[in-house]
Amino acid sequence: ILWTRKGYVEYRLPNYLEETQKPIEIQLSMELSSEAPGISENWPSDIYFYLNDIELGHWTSPGDFGNMRGMYTPDWWFDNWNQYGMLKLLSINRQGTFIDGLMVSPVTIDSLNLHYKSDLRFRIGIPDKAANVGGMTIFGQGFGNYNQGIRFRVIYSDTEAASPEDSGQESESQPGTGMKK
């Protein structure tokens, strides 16, 4: 679990693409909430997402949830601290950037100019420009209602593929582990 009132955290994501592969979609899944003093179900916060310093969009968390204990929150965690968040899916593809299937910006995977040698830096945070500066909590494995860390997936096509049927392969990894699933 990680929380902050404002500012950001940045992750370097592994790039397992080979020279002949081109990303057609990037997906990141994570459990998030606002960060209020104590807990507050009504504590909106604008959480912004970036890839390689390009703003992808933002999502407004409705609150810092503590009305019930998180399914995976450890016993030693105080009851009056945030307990769980909402599972969010950020997707960047050829049509734009989406959160839970709703378009949040026109930034496309092609506009990011990614290739097999690209550095992938994912930033999540609360910038000073946010209309709702209500902090953020990132839940990880062993906390909240979804027993997972940030999940990162690259869906790619092989640029040497002879037909569209040969594309759409997936590579999935956990940030920071350098491991491929």
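## Aromatic pairs

In this predicted model, the count of aromatic pairs comes to 9. One of them joins Phe49 and Phe122: the ring centres are 6.3 Å apart and the planes meet at 15 degrees, so the pair is stacked. Phe49 belongs to strand S4 and Phe122 to strand S9, so this pair ties together parts that are 73 residues apart in sequence. Both Phe49 and Phe122 are buried.

A further stacked pair is formed by Phe65 and Tyr84, with 5.4 Å from centre to centre and 15 degrees between the planes. Phe65 and Tyr84 each lie in the loop between S5 and strand S6 (86-93), so the pair ties together parts that are 19 residues apart in sequence. Phe65 is buried, as is Tyr84.

## A ring cluster and a charge over a ring

Ring pairs also link several aromatic residues into a cluster, whose members are Trp3, Trp76, Trp77, Phe78, Trp81 and Phe143.

Another arrangement involves a ring and a charged side chain. Arg123 lies over the face of Tyr8, at a distance of 3.9 Å from the ring centre.

Lys88 is a residue of strand S6. Its relative accessible area is 10%, which is under the 20% limit, so Lys88 counts as buried. Leaving aside residues up to four places away in sequence, Lys88 touches Leu28, Ser29, Met30, Leu32, Trp59, Ile99 and Asp100.

## Pro62 in the loop between S5 and S6

Pro62 is located in the loop between S5 and S6, the loop that also holds Phe65 and Tyr84. With a relative accessible area of 36%, Pro62 is partly exposed.

The contacts of Pro62, not counting residues up to four places away in sequence, are with Ser34, Glu41, Asn42, Trp43, Pro44 and Met86. The C-alpha atom of Pro62 is separated by 9.4 Å from that of Ser40, a residue 22 places away along the chain.

## Two asparagines with positive phi

Most residues other than glycine have a negative phi. Asn52 has a positive phi of about 50 degrees, although it is not a glycine. Asn52 is found in the loop between strand S4 (45-51) and strand S5 (54-61).

Asn113 likewise has a positive phi of about 50 degrees without being a glycine. Its position is in the loop between strand S8 (102-105) and strand S9 (120-126). Is Asn113 buried or exposed? Its relative accessible area is 59%, so Asn113 is exposed.

## Cavities

Rolling a probe the size of a water molecule over the atoms shows where empty space is left. In this model there are 2 cavities of 30 Å³ or more. The second largest cavity has a volume of about 30 Å³.

Which residues line the second largest cavity? The lining consists of Asn15, Leu17, Pro23, Ile26, Leu114, His115, Ser118, Leu120 and Val154. By type, the lining residues of this cavity divide into 6 nonpolar and 3 polar, with no charged residue.

Conventions:
Residues are numbered from 1 along each chain as its sequence is written. This is a predicted model: local features need pLDDT of at least 70, side-chain atom pairs count only at pLDDT 80 or more; totals for chains, interfaces and linings use all residues. Side-chain values use heavy atoms; hydrogens and water are left out. On a 1 Å grid over the protein atoms alone, a cavity is a set of points where a 1.4 Å probe fits but cannot get out, and a pocket is an open set with protein on both sides within 12 Å along at least five of seven lines; lining residues have an atom within 4 Å of a point. Grid points are joined across faces, edges and corners, and a volume is the space filled by probe spheres set on the points. Ala, Val, Leu, Ile, Met, Phe, Trp, Tyr, Cys and Pro count as nonpolar, Asp, Glu, Lys and Arg as charged, and the others, Gly among them, as polar. Helices (H or I, at least four residues) and strands (E, at least two) are DSSP runs, numbered from the N terminus. Buried means under 20% relative accessible area, exposed over 50%, partly exposed in between (1.4 Å probe, protein chains only). Rings of Phe, Tyr and Trp (its six-membered ring) pair if their centres lie within 6.5 Å; planes under 30 degrees apart count as stacked, over 60 as edge-to-face and the rest as tilted. A charge sits over a ring if NZ of Lys or CZ of Arg is within 6 Å of the ring centre and within 35 degrees of the ring normal. Contact means heavy atoms within 4.5 Å.
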